[in-house]
Amino acid sequence: MRIEVDRERCVGAGMCALTAPEVFTQDDDGFSEVLAGRESAAGQYPMVKEAVRACPVSAVALLDED
């Protein structure tokens with residue numbers, strides 16, 4: 001599973017970074033982003049699914065890697 005943040009949709013609430021700080025951070029403008037090298041590591045971090053659920057604008061998603 002690939003972790004993705006839709007930067008057009010993100011409002012910078014930071015719920016993903018609070019829920020799974022080992023995977024998400026916020027950039028200098030306050031928008032969420034996936035830490036480098038963690039994009040395909042959803043299975044290694046159990047709180048990623050909770051971070052997806054916690055996003056108030058559904059900007060965080062888990063996508064199947066084909």
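How many disulfides does the structure hold? The structure holds zero disulfides, a disulfide being a pair of cysteine sulfur atoms within 2.5 Å. Before I turn to the cysteines, a word on the source. This is a predicted model, in which local features need pLDDT of at least 70 and side-chain atom pairs count only at pLDDT 80 or more, while totals for chains, interfaces and linings use all residues. Residues are numbered from 1 along each chain as its sequence is written, and side-chain values use heavy atoms, with hydrogens and water left out.

Let me begin with the sulfur atoms. For Cys16, the closest cysteine sulfur is that of Cys55, and at 6.5 Å the two are too far apart for a bond. For Cys55, the closest cysteine sulfur belongs to Cys10, again at 6.5 Å and too far for a bond. Cys16 is buried, with a relative accessible area of 4%, and Cys55 is buried as well, at 13%. On this scale, buried means under 20% relative accessible area, exposed means over 50%, and partly exposed lies in between, with a 1.4 Å probe and protein chains only.

Cys16 has its place in helix 1, which spans residues 15-19. Helices here are DSSP runs of H or I with at least four residues, strands are runs of E with at least two, and both are numbered from the N terminus. Not counting residues up to four places away in sequence, Cys16 touches Pro21, Phe24, Ser32, Ala51 and Val60; contact means heavy atoms within 4.5 Å.

Thr19 also belongs to helix 1. Thr19 is buried, at 18% relative accessible area. A polar atom of its side chain lies 2.7 Å from the backbone oxygen of Met15. Leaving aside neighbours within four places in sequence, Thr19 is in contact with Met47, Glu50, Ala51 and Ala54.

Side chains of opposite charge can pair when their charged atoms come close. The structure holds two salt bridges, each defined as a side-chain nitrogen of Lys or Arg within 4 Å of a carboxyl oxygen of Asp or Glu. One joins the side chains of Arg53 and Glu50, at 2.4 Å from N to O. Both residues lie in helix 2 (residues 48-54), three residues apart, which is about one turn of the helix. Arg53 is exposed, with a relative accessible area of 59%, whereas Glu50 is partly exposed, at 29%.

The side chains of Asp27 and Arg7 also meet in a salt bridge, at 2.6 Å from N to O. This pair links distant parts of the chain, 20 residues apart: Asp27 is in the loop between strand 2 (24-26) and strand 3 (32-34), and Arg7 is in the loop between strand 1 (2-5) and helix 1. Asp27 counts as buried, at 17% relative accessibility, while Arg7 is partly exposed, at 42%.

Finally, the core. In soluble globular proteins, nonpolar side chains tend to be buried together. A nonpolar core is a set of buried Ala, Val, Leu, Ile, Met, Phe, Trp, Tyr and Cys residues joined through side-chain atoms within 4.5 Å. The largest one has 17 residues, of which Ile3, Val5, Val23, Phe24, Val34, Val48 and Val60 touch the most other members. Strand 1, helix 1 and helix 2 each supply at least two residues of this core. Setting aside residues up to four places away in sequence, Val60 touches Glu4, Val5, Cys16, Phe24, Val52 and Cys55.

Technical notes: Polar contact = N/O pair within 3.5 Å; in protein donor to acceptor, adjacent residues only side chain to side chain.
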